[in-house]
Structure formats: C-alpha cells, structure tokens
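Trainee: I would like to learn how to read a structure of this kind. Please take me through a few features, with the general idea before each case.

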Amino acid sequence: MHENELPDQGLAHLSPEQTRVPSLGEPKIPNPRRGSMFVTEEQRVLINIVSGSLNGHAAQAQVSLEQAGPRERIYFDPPKTKCAVVTCGGLCPGINDVIRSIVMEAHHGYGVSKILGIRYGLAGFLPKTNPNVVELTPEFVSPIHEFGGSVIGSSRGPQPVEDVVDSLERLNVGMLFVVGGVGSMRAAQAIFALISERDLKISVVCIPKTIDNDIHFVSRTFGFGTAVEKAIEAIRCAHVESLGAPYGIGLVKVMGRESGFIAAEATLGIKEVNFVLVPEQHFDLQGPGGFLAALHERLHRRGHAVVVVAEGAGQEYLPESLRTDASGNRWLGDICGLLTTEIKSYFKDKLPITLKFIDPSYIIRSVPASAADRVNCNRLGSMAVHAGMAGKSGMMVSLVHEMPVHVPLPLVTHSRKRMAVDTSFWQQVQDATGQGPLVNPAPKS
C-alpha cells in the first residue's frame with residue numbers, strides 16, 4: 001500500500017493464506033534460460049514497508065507477496081508448450097510493448113513451440129470451432145512497440161466461460177496471458193476456476209492494464225505515466241487558451257472513472273491548474289464555499305483559470321443511470337457538460353467569460369508508451385512468462401515498491417483502488433492549486 005492509495009476494508013488485514021499463489025503442480029524441468037538469477041519460492045516482498053498506521057489502518061509489515069522472476073525448475077516443457085495472449089477492455093499506451101515482451105521472452109528465453117494472439121479480446125475465442133487467432137512470431141512483433149493500440153485488437157464484455165475454455169483445449173494452449181483491468185481479471189478468474197474444475201493443466205496469468213491506475217497491489221500501471229504526460233499537454237493548451245481572452249476559463253477532462261490519479265498527478269506535474277475535481281473528493285457546486293464561488297473569486301483576482309476534471313467526479317449532481325457498458329461499468333453522466341452549463345449560467349450577469357473545453361481522452365489512450373512505461377511493460381511481460389512457465393496460475397504479475405511480485409486474483413478483483421484524500425499527497429495537490437476544500441460551511445446549530 002502507498003500513502004496516496006485508499007485501502008479497501010477487505011484488503012486492510014491480510015493473512016498469509018490469502019497471498020498464496022495457485023500452482024498446476026511440482027516444477028521438475030530444468031530452466032533452459034542461461035545465466036539467469038533464479039528466484040526461490042521463499043523470496044517474498046513486503047506489502048507494507050512503513051511501520052505504524054497507513055491512512056488510519058494498522059500496517060501489517062509481515063504480510064508479503066511471492067517474488068516474481070525465473071525459477072530454477074519449470075512446470076512446462078517449452079518445445080511442447082503453446083501460449084496464447086489476449087488483450088481486453090479499453091486501449092492503453094504500452095499494450096503492444098507487453099505483447100512484444102511476452103513473445104520475445106517465451107520464444108528466445110524458453111523456446112516455446114508457438115505463441116498465439118487471440119484477436120479482439122475474449123470474443124476471439126468464439127466461435128469455438130474457428131477461433132480468431134494469429135501467430136505471434138518475433139518477426140511479427142519486433143516493430144509493434146512503436147505504435148499505440150493493440151496489434152491483436154481488444155473488446156469489452158463477458159463471453160461464455162465454457163466456450164473460452166473449450167477453445168483453449170481445442171487450441172492445445174498451455175498458458176493464457178490476459179492483459180486487462182479489474183473486469184478482465186474477473187473474467188480470467190472465472191476461466192481459471194473452470195479450468196481447475198475440469199482439472200486441466202492450463203496456466204492463467206494476468207498483466208494489469210488500466211490507464212486509471214486503479215488496480216490494487218500495483219504501484220503504477222503501465223500507460224499511466226504516458227497518460228499523465230499527455231494530460232499535461234492538454235492542460236498546457238487550456239492554460240494558453242485561458243490567457244487569450246479576458247476572464248478565460250480552460251476546462252480539461254481526463255480519464256478516471258472511480259479514481260483521480262491522472263488528474264492529481266498531472267496537476268502536480270504542470271502547476272498551472274487552479275481547480276482539480278476528482279471522484280474521491282466531494283465538492284459543492286453552489287453556495288459561498290462551493291466551486292462556482294471559488295471560480296468567481298479566482299477570475300476576479302487573476303483574470304483566468306484552469307480546471308481539470310476526472311470523468312467520474314461530481315456524479316451526485318447528475319441523474320443516476322441504470323445503463324452499463326459492455327464490461328459492466330456504470331454509465332457515467334457528463335460532468336463536464338454540466339459544469340459548462342452551470343458556469344455559463346452563473347457568470348451570465350457577472351463576468352464576460354470565455355470558456356474552452358478540451359477532452360484529450362481518446363488521444364491519450366491511443367499513443368505509444370513513453371520510455372518509462374516501456375521499461376515497465378518489458379518487465380511485466382517477461383515476469384508473466386516466468387510465472388506461467390513455472391506453473392503459476394490464477395494470478396497477476398505486478399511491481400510493488402519496484403519489486404516484481406505474484407498476486408492471487410481474488411486480491412485484485414475484490415475492488416478498485418482509489419486515491420486517499422487524507423494524505424500529504426492530496427494536500428500537495430490542493431497546495432498546488434490553492435483551491436481549498438470547495439465545500440460550504442456547516443450550518444450553525
């Protein structure tokens with residue numbers, strides 16, 4: 001856990017049994033990788049490295065996760081083993097880097113017989129009589145890290161687990177690598193459960209993918225750093241626009257359904273943001289202490305303002321939608337549309353404002369990864385192959401405190417990670433903006 005991460009109540013107190021990673025059986029085959037620094041099963045990484053309390057929760061310094069890395073003995077015989085890679089959910093910078101890393105490690109490091117790419121997410125397993133697959137060779141994946149998106153495509157939505165497992169059997173796949181977020185990992189967990197029920201020897205290993213950085217036991221998801229950098233570019237443009245007219249307002253929407261990590265880190269990264277609204281922090285819209293009054297004061301004092309809004313902020317001001325997307329995520333209301341309407345209405349007879357709205361979301365999702373994210377992707381892809389070859393299953397590879405670890409899927413699928421707003425990190429964000437709490441004073445009793 002990190003200071004800026006809000007621990008879920010169900011994850012605040014873990015037992016060693018909850019951190020145990022399932023295995024397909026005893027690894028008996030010598031690892032063919034030469035010159036490797038092998039990791040033993042006894043090597044662990046502490047979850048909490050700070051003593052005392054963390055955000056009001058007692059730290060458990062002795063609870064640890066299994067360290068990831070190549071094992072001296074492996075479960076699968078490489079020349080007889082076939083792997084499959086599937087990418088699920090929305091796009092994110094770095095997916096192609098992960099795919100490339102998996103293929104290069106599996107082929108050059110272990111000499112596996114074949115790596116298949118399942119096209120367009122789990123839907124590519126259907127129809128099960130003719131799965132939509134492409135062979136991923138080193139030659140095929142060699143240049144793909146230069147491009148955004150996913151070379152094998154992606155999709156949202158649940159697919160019949162029985163059909164997916166049937167296809168895995170028909171394709172004679174020994175290892176399935178799932179690149180996706182919490183929803184995708186829930187699907188992977190169901191696939192793993194059915195594989196276990198059928199007593200099949202198929203490893204299921206997940207690589208965490210979410211641009212929002214909202215997965216537990218992941219210090220920073222790949223693509224998040226790239227997203228912050230691209231968000232900063234949009235904020236810089238909004239700042240220029242706000243300076244271009246009297247009482248100019250630049251309004252920037254960034255991704256963040258349930259967590260405001262991108263909005264917060266971009267704010268700290270550029271220092272030109274005057275207001276940042278996130279899902280974790282309530283704000284009043286109207287009233288003397290609310291957002292509109294604070295924006296009025298800012299414009300009166302400085303003549304311009306920049307507002308950054310995470311897409312999931314302020315949902316309490318919008319009609320609750322019963323609709324969900326194909327992945328089961330709640331359909332969000334248009335908070336920036338509401339803010340635009342309210343700002344224009346509030347200032348109609350007060351100031352001649354000029355408001356410019358920028359939404360860079362799909363640009364951010366689709367660009368190639370930054371150098372730092374590429375390094376992260378390369379490590380995760382390699383560690384996923386090491387885990388699969390060792391017979392690990394029903395788990396996710398991750399970096400915690402910059403150390404590679406194995407995380408059982410139940411710890412990941414339990415809930416989404418959210419930003420803690422009772423920490424020095426959020427205080428730094430508020431100090432950088434000078435926005436204050438944006439809430440009305442409590443009525444006197």
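Mentor: Start with burial: a residue is buried under 20% relative accessible area, exposed over 50% and partly exposed in between, using a 1.4 Å probe and protein chains only. This is a predicted model, in which local features need pLDDT of at least 70, side-chain atom pairs count only at pLDDT 80 or more, and totals for chains, interfaces and linings use all residues. Residues are numbered from 1 along each chain as its sequence is written, and side-chain values use heavy atoms, leaving out hydrogens and water.

Trainee: Is T340 buried or exposed?

Mentor: T340 has a relative accessible area of 17%, so T340 is buried.

Trainee: In which helix does T340 lie, and what does T340 touch?

Mentor: Helices are DSSP runs of H or I with at least four residues, numbered from the N terminus. T340 is part of helix 8, residues 335–347. Contact means heavy atoms within 4.5 Å. Leaving aside residues up to four places away in sequence, T340 touches L251 and L355.

Trainee: How do I read the packing of helix 7 against helix 8?

Mentor: Axes are lines fitted to C-alpha atoms, for helices over the stretch in contact, and angles run from 0 to 180 degrees between N-to-C directions. Angles under 35 degrees count as roughly parallel, over 145 as roughly antiparallel, 65 to 115 as roughly perpendicular, and the rest as oblique. Helix 7 (residues 291–302) packs on helix 8 at about 60 degrees, with the axes 11 Å apart. Helix 7 is therefore oblique to helix 8. On the helix 7 side the contact includes F291 and L299, and on the helix 8 side it includes L339 and F347.

Trainee: What about helix 6 and helix 12?

Mentor: The axes of helix 6 (residues 261–270) and helix 12 (residues 424–433) come within 9 Å and cross at roughly 50 degrees, so these two helices are oblique as well. Among the residues that meet are A264 and L268 in helix 6, and W426 and V429 in helix 12.

Trainee: Which residues touch the most other members of the largest nonpolar core?

Mentor: A nonpolar core is a set of buried Ala, Val, Leu, Ile, Met, Phe, Trp, Tyr and Cys residues joined through side-chain atoms within 4.5 Å. The largest has 67 residues, and V85, I99, F177, I207, F222 and V397 touch the most other members. A second, separate core of 40 residues includes L116 and F192.
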